[in-house]
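Me: Hi! Could you walk me through a few spots in this protein? I'd like to start with the strands and then change topic.

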Amino acid sequence: MIKIYKIFAVGVLVLWLPNLLKSQNIDHQFKPFLRAYPSLHKTIVQSDGKIIVVGNVESVGYVKTSGLVRLHTDGSLDMSYTPPHKIWALYYGNGVDTRNRLYLMEERENYSTRLNRILSDGSVDEAFKINEDTGNIHSFDIQGDKCIVNASIWNHRGSENYILRLGEDGKIDSSFTVLQRDKAYMKPVVQADGKVLVYGIENDAPFIIRLNQDGAIDDTFQFTGELRGNHPSIQNIIPQKDGKCIVYGYFDFYNNTPSPGLLRLNADGSLDQNFVLPGPTANAFRNTLSAIFQLPSGKYVVTGYNYEQEKGSFTRLIWLNEDGSLDNTIESHEIFRSFHQNGGSIGSIAYSEGRTLVSGSFYKVDDKQVKGIVAFDESGNIITDFSPDLGGKATIEKAVLAKNGDIILAGNFYEINKVKANSIARISSGGEVVAEFSENIGIGPDGRIEGLAEQKDGKILVGGGFRKFNGQDKSGIIRLNEQGEIDEEFKSDIYLPYVGPGVNDIHVFEDSSILLAGRIEKGYENERYSNLIKVDNKGAIDKSFFPKSQNDWIQISDVLVSDESILIGGTTYKDDWQTVGYLRKLNLDGSLDSTFIVDTKLEPYGIHAISLTKNNTIITAGGHVFGYSDNDVNPIVQSSLEGEVQDIYSVGVNGNSSISEIFPNTDSTYILAGSFNKINRVSRKSLAMFDLKGRVYNDFRFDLDRSAQGVIRENEEHVLVYGSFSQVNDFPGFSGIVRLNIATPRPPSDLLVSVDKAMGIKLQWQDSSDYETGFRIYRQSGDSSAYVLVDSVDANVTTYWDQDVNPASTYAYMVVSIGDTLVSDFSNTARATTSEISLPGAPAGLTVALKNDNLYLSWEDLSDNEIGFIIERAEGDSFVAIDTVFIPSYTDSGINTEAAYRYQVKAYNVAGESAHSEEVTYIPQLITAIGDKIEVSENAFPNPSKGAFTVKVETQGLQKSDLSLYDLQGKAIRGLKVEIDKQSLKLDLSAYQEGVYFLIVHPKALERAKVFRLIRRNQ
């Protein structure tokens, strides 16, 4: 019997190994530093005058930061404020408590939110822990040093909404009366006296109530008026120190009193008739007020959206007197939103030391360039000395690999590596900016760039939603030469609709003609072309292509051109204006292939990406999959060119997912880029590799903190991934682009070792690779610093025994995965020290017996540390090892039972071999006398016989009896074939000579054998 004792196991001892594994296949040298205009959600002034900004802030100057930054009063970075670097997404609350602790809503990976408390040094307050039963937090406000929150819990009745208070430890404060409203939207706002205004929507009607400090309803406040309009709602409430409050939102009347989006309530909830109700919003903002703030002087700073034909969309900032009338003594300002930023341009307004701070997602105030934040003095003038150099998260919308190896980037950025680069740039393969290209681009486009393509001659086609490029009127499409100058030979006068991305996909045909797709309109000669247009090499429209008008409400997101057809995918609308997916196949002349009708299964999500497999299977991907379970609608489907559809994937479960690109990596694998958390229930963040059977590849594990827009191939080993991310596998410092190695296998993980005093050292690891062809095992012995290759194993093997070890010795191990031509990084290091390994004890009680013409050996195992046993046999003077076994028995078959043999056995382990057992000898016994062993001949019949005999044996266990046949001289007869029934035997001796034979039957249950004499005769 083998007894194995585990001594100990030592795992990872090298602290940097987790990061080493995550960095596998990431090019950390390729990090071009892109800067974009920031988008600030909230600006908060602490009691010491320092300014906290929250939002899309990736740098201050050229110092990388997270989305939470603190500035000194002069706008410089406070380096002592060090929040966690990885912050998913930040949502603003309403300030800091009386102890200068910041409360911050943070988006979780499953798209729910949690509330953190940030201490004065920027670290997370670990003492503040919210219970899961608090629910999902939607908004909050500060009440002294406590926090009032609006939370909701989903149950069988739907959404239950609460207003509650959190204690110092983050748990629900039982001294505060909880306000509950089912199926109602609520938001708390704390007044200066600590009372809480709660506003929201219930039964499609806005409401406002007030709570006392302990949460009980304050009956002295009665909001009985009705806000009227088209779907009226309250956007925000601004409490004043005198107990009054400003209410603004989307409404036209308070009862029958005109109040276009703005009014003031008295402390008792009644309408303040002294506030100028029509106010300035009717003309200045067209009922789209975005923010309001009361200054210590009593005046108001108000912002709202506006639009002028020459200027486009912008935000106007004006000043109001205390009664709501326009203060004409202070000049208004125009704030221009950074066109790549989503949402409103004004995040918040704050006041600090005589300065009004306005922050948001804008890059220009009047004619002054700013970066998300601007300060005004008491007279409303811009304070030029206050200009924090904030940089936002860059987004790369498109990228192409130029024929000379350069990379053309387009997206949301204004600078790369300290070189001005407005939305489009050319960089080398090492990440250096081609400065001449950026200089020629100048101020770049006035809108988003969505499409990018390089022609055979190296010229670059740029498409998007812009109307101007470097100050010239260029609507939706331009062509640049290799140095970035506008190619004036390319003249296109396509018209872009007011909304939509414009030209977002470009395909160049072999004959240099060009296909433009997106949201496009063009009118001439009473014909109308929309969304898909073909032009020649100089921009002239090909009138023979797609001559008939299309649906005006199609937005084409992706175009795939093959040798025989054109596939277009995008978004359109049903009759009820519900968004649906759009997939069509066109002939190469632009005519519609009416035989191709596909139910895309993507309603109401649309199609963002198309890929065509080697066997002409169409793979389409969509976006915006909402949900919080593993049963979400799949945004990826496959279909044949004949229109047959089959769902195969479940991507982006547990959240809101969007697929941007399906990149064909090999004939059977694809890289999926977008915004998602899972693919086929396997955790992946925004980037994954899969095959058409839905298998997710482990070697390709690059989790991004934000979305990936697309993939381009550099060579057989590397791809470039671009998007809006700044972290890859938790490594910071990226600016929307990363170079990945897709050929090197991933290293093994979780390497563990265990020591066995018989077998040696056992290695076990996790196979993290899909690419490996095998593994190599490296060992370090004692104090030596060198690792030596000790052995290799095949692919998918995850265990190895090292038996070439010494007692009381220390060994360290690492394992690598082997690919076809490349080798992975090392696994983690695992160390072990062997115990004293002694020789095993010698076996005892060796016996030998003849059974069924074989010799059967057995012995007693007296050792607890052997690996196995060595069998030795001698036919003459010398013993020879004939076999190795792992159990204490052995059958020596194929020997001559008429000869004599000697046997001995010894045990062995990694330390060596034991002493021999005692020797045992086999001597053949010939039958020379039968005597009284012979049974009566009547039990065998016919007897004599020409060969066939039936022998009756009255005994139990006949089938387990030992059978032997001998001739008259006692010679054993080999090759006997016997049929055994319950109590009889049938045998055939027709092949043997005439004579007398003896059949010996020895049942297991009897001490003595039974012998039958059989007479063989031919007649």
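Predicted model: local features only at pLDDT ≥ 70, side-chain atom pairs only at ≥ 80, totals over all residues.

Me: Great. In what order do β27, β28 and β31 sit in their sheet?

Reply: The order is β27-β28-β31, in an open sheet of three strands with antiparallel pairing. β27 (346-352) and β31 (373-376) are the edge strands; each has a single partner strand, so one side of each is left without a neighbour in the sheet. On average, neighbouring strands here are turned by 20° against each other, direction ignored.

Me: How many bridges join β27 to β28?

Reply: Six bridges, with β28 covering residues 355-360. To find the pairing on your screen, look for Ala350: its bridge partner in β28 is Leu357.

Me: And what holds paired strands together in general?

Reply: Strands of a sheet pair through backbone hydrogen bonds, either parallel or antiparallel.

Me: OK, over to β2, β3 and β6. Which of them are at the edges?

Reply: β2 (39-45) and β6 (68-71), each of which pairs on one side only. The sheet is open, with the order β2-β3-β6 and antiparallel pairing. The twist from one strand to the next averages 25°.

Me: What's the bridge partner of Val54 in β6?

Reply: That's Leu68. The strands concerned, β3 (residues 51-56) and β6, pair in the antiparallel sense over four bridges.

Me: New topic: is β34 mostly covered or mostly exposed?

Reply: Mostly covered: β34 spans residues 407-412, and six of its six residues are buried.

Me: Which strands does β34 pair with?

Reply: One is β33 (residues 395-401), joined to β34 by six antiparallel bridges; there, Lys398 stands opposite Ala410. Another is β37 (residues 424-427), which runs antiparallel to β34 with four bridges between them. In that pair, Ile407 has Ile427 as its bridge partner.

Me: What about the hairpin of β33 and β34, how many residues lie between the strands?

Reply: Five, and Gly405 in this hairpin takes a positive phi near 95°.

Me: Last one: how many cavities of 30 Å³ or more does a search of the whole structure find?

Reply: One. The largest cavity has a volume of about 30 Å³.

Me: Which residues line the largest cavity?

Reply: Leu34, Glu58, Lys64, Gly392, Lys393, Ala394, Ser726, Phe734 and Ser735. By type, the lining divides into three nonpolar, three polar and three charged residues.

Conventions:
Residues numbered from 1 in each chain as written. Heavy atoms only, no water. Pairing = 2+ DSSP bridges. Helix = DSSP H or I, 4+ residues; strand = E, 2+ residues; numbered from the N terminus. Axes fitted to C-alpha atoms, helices over the stretch in contact; angles between N-to-C directions. 1 Å grid on protein atoms, 1.4 Å probe; cavity = no way out; pocket = protein on both sides within 12 Å on 5 of 7 lines; lining within 4 Å. Points joined across faces, edges and corners; volume = space filled by probe spheres on them. Nonpolar A, V, L, I, M, F, W, Y, C, P; charged D, E, K, R; others polar. Buried < 20%, exposed > 50% of the residue type's maximum accessible area, 1.4 Å probe, protein only.
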